[in-house]
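Here is a short briefing for a first look at a protein model. Keep the sequence and the structure in view while reading.

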Amino acid sequence: MSTDIQNAMGPHVHDPRTGEILESDIIWYHNVMNLLRNWYFVQTAAINPEARSPKFKDEIMGRLIQFVAAHEVGHTLGLPHNMGSSVAYPVDSLRSVNFTARMGTAPSIMDYARFNYVAQPQDGKVGLMPNIGPYDDWSILFGYKLIDGVKDPQEERTTINSWIKEKANDPIYRFGRQRGMPTDPTAQTEDLGDNSMRASELGIENLKKIVPNLIQWTGEDTKDYAELNELYNNVVGQYRRYLGHVSANVGGVYEYYKTYDQGEPIYRHVEKAKQKDAINFLNKQLFDTPNWMIDARILHRIEETGMAERIRSIQDQTLAQLFFTERMKRMVENHALNGANAYSLTEMMDDLVSNIYREVGKGGETSLYRRNLQRTFIEVLQRLLDNPDNAVEHTDVKALARGTLKDLRTRFRAAKSTDKLTRYHYDDMASRIDKILDDK
Ligand SMILES: [Zn+2]
């Protein structure tokens, strides 16, 4: 049985002796059209006039349904998800009219590749939707092509293996498994292209173009602002997806399946420069306040309060991801195995701290959003000191957290500001650190 959380398909009945699928169903959830509307809107409205409305034309919705139906039919034929597919297409190719017309936006309809959020308004009539692709055709051939003249399945192995090896070095035919929290940044859901930082930066450029138009594009006479509220929150959700795609590069490990006769390793740590790029991206796009999201005209129509906590909680959750125990284990091990070629935990800490506390001691005002972030990061360090996991207890993680807190306390104690609240903030931060260190 294979199930899509959002779209749903039913159980297969299959013959356990042969694997032959005897019966299979596709069941549609009632809300799939709304889900498609939200995705298509936030991923393409910046470049696509057809998506700039709460209700799409039937031809557009029909095409969106076709996209989901093709994926679900893939399941009925026995195809699993392939989250390692979309990485085969370079980000720049996704901005090419010719390339997307020929190849679609990912090599497989079985990836969770969504609509083309990479393409920019100046790119012209670029393809926006995933199609059945070369990986899918190849998978069907692999699963269904008759091999004549063999007596049992063992005799098929050599032939089938030769098919695999024929395409082994072509990323279009790569398979990447689905995981709850991806370790391999090239096998992620909801992403596109071969570079998460580049693709996400372009995606955010498009969100910045949507937000100033959102009231108009969601508006309908006689209706309230429910659609504005829903689609604004979908814009924020899409932004969070981009942050997740980028974060997976930090402490990431690529997984490319091989057989013994291919003679190559399967696992490889993500390159140091790429991990550093990911942290630079998060510093720029998240820890520098994402002001494009703070649109008073929208917020005054959908909520009494909530913006400061919205931004703070996204920052907190991303930091929790970065300091997730399993990720820290991989980073510590990478450093042990590959030395200076690894992006170390200490370097990540330095790169984050130097941005998050960069105003401290400069004399000016620290904004509400940045004060919140500075407080939140102290809590992250406190959680590291409190973490009972062996992998944290028996490595340098706690020493790193404690040393960072002490350095920050020295800076806060010495820092001056012309702004009263900022001065109080410095004093409060030093006291908070005292309390954390006293308790340990
Ligand atoms: Zn599926």
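Lysine 167 lies over the face of tryptophan 138, at 4.6 Å from the ring centre. A charge sits over a ring if NZ of Lys or CZ of Arg is within 6 Å of the ring centre and within 35 degrees of the ring normal. Arginine 114 has its charged end over the ring of tryptophan 39, 3.9 Å from the centre.

This is a predicted model: local features need pLDDT of at least 70, side-chain atom pairs count only at pLDDT 80 or more, and totals for chains, interfaces and linings use all residues. Residues are numbered from 1 along each chain as its sequence is written, and side-chain values use heavy atoms, with hydrogens and water left out.

**Aromatic pairs**

- The structure holds 12 aromatic pairs. Rings of Phe, Tyr and Trp (its six-membered ring) pair if their centres lie within 6.5 Å; planes under 30 degrees apart count as stacked, over 60 as edge-to-face and the rest as tilted.
- Tyrosine 40 and phenylalanine 56 are edge-to-face, because their ring centres are 5.6 Å apart and their planes meet at 70°.
- Tyrosine 40 belongs to helix H1 (residues 32-44) and phenylalanine 56 to the loop between H1 and helix H2 (58-76), so the pair ties together parts 16 residues apart in sequence. Helices (H or I, at least four residues) and strands (E, at least two) are DSSP runs, numbered from the N terminus.
- Tyrosine 40 is buried at 4% relative accessible area, and phenylalanine 56 is buried at 6%. Buried means under 20% relative accessible area, exposed over 50%, and partly exposed in between (1.4 Å probe, protein chains only).
- Tyrosine 357 and phenylalanine 377 form an edge-to-face pair, with 6.0 Å from centre to centre and 70° between the planes.
- This pair links distant parts of the chain, 20 residues apart: tyrosine 357 is in the loop between helix H13 (345-356) and helix H14 (368-386), and phenylalanine 377 is in helix H14.
- Tyrosine 357 is buried, at 0% relative accessibility. Phenylalanine 377 is buried too, at 0%.
- One aromatic cluster is formed by Phe323, Tyr357, Phe377, Phe412 and Tyr426.

- The domain assignment gives domain 1 (13-356) and domain 2 (357-440). Such bounds come from an automatic or database domain assignment.
- The C-alpha centres of domain 1 and domain 2 are 34 Å apart.
- In domain 1, 24 residues are in contact with 26 residues of domain 2. Contact means heavy atoms within 4.5 Å.
- About 2,100 Å² is buried between domain 1 and domain 2, and carbon and sulfur atoms give 70% of that area. Buried area is the accessible area (1.4 Å probe) that two parts lose on being put together, summed over both.
- Met349, Val353 and Ile356 supply 27% of the area that domain 1 buries against domain 2, more than any other three residues.
- Three salt bridges are found across the interface of domain 1 and domain 2. A salt bridge is a side-chain nitrogen of Lys or Arg within 4 Å of a carboxyl oxygen of Asp or Glu.
- Arginine 358 and aspartate 288 form a salt bridge, with their closest N and O atoms 2.8 Å apart. A network of salt bridges links Asp288, Arg358, Glu359 and Arg370.
- Aspartate 316 is in helix H11 (residues 307-322). Aspartate 316 is buried, at 15% relative accessibility.
- Neighbours within four places in sequence aside, aspartate 316 is in contact with Thr376, Val380 and Arg383.

**Other salt bridges**

- The count comes to 32 salt bridges.
- Arginine 177 and glutamate 255 meet in one of them, at 2.9 Å from N to O.
- Arginine 177 is in the loop between helix H5 (153-166) and helix H6 (196-210) and glutamate 255 in strand E3 (residues 253-255), so the pair ties together parts 78 residues apart in sequence.
- Arginine 177 is partly exposed at 32% relative accessibility, whereas glutamate 255 is buried at 5%.
- Lysine 208 and glutamate 205 form a salt bridge, with the closest N and O atoms 3.4 Å apart. Both lie in helix H6, three residues apart, about one turn of the helix.
- Arginine 432 and aspartate 428 form a salt bridge at 2.8 Å between the closest N and O atoms. Both lie in helix H17 (residues 420-439), four residues apart, about one turn of the helix.
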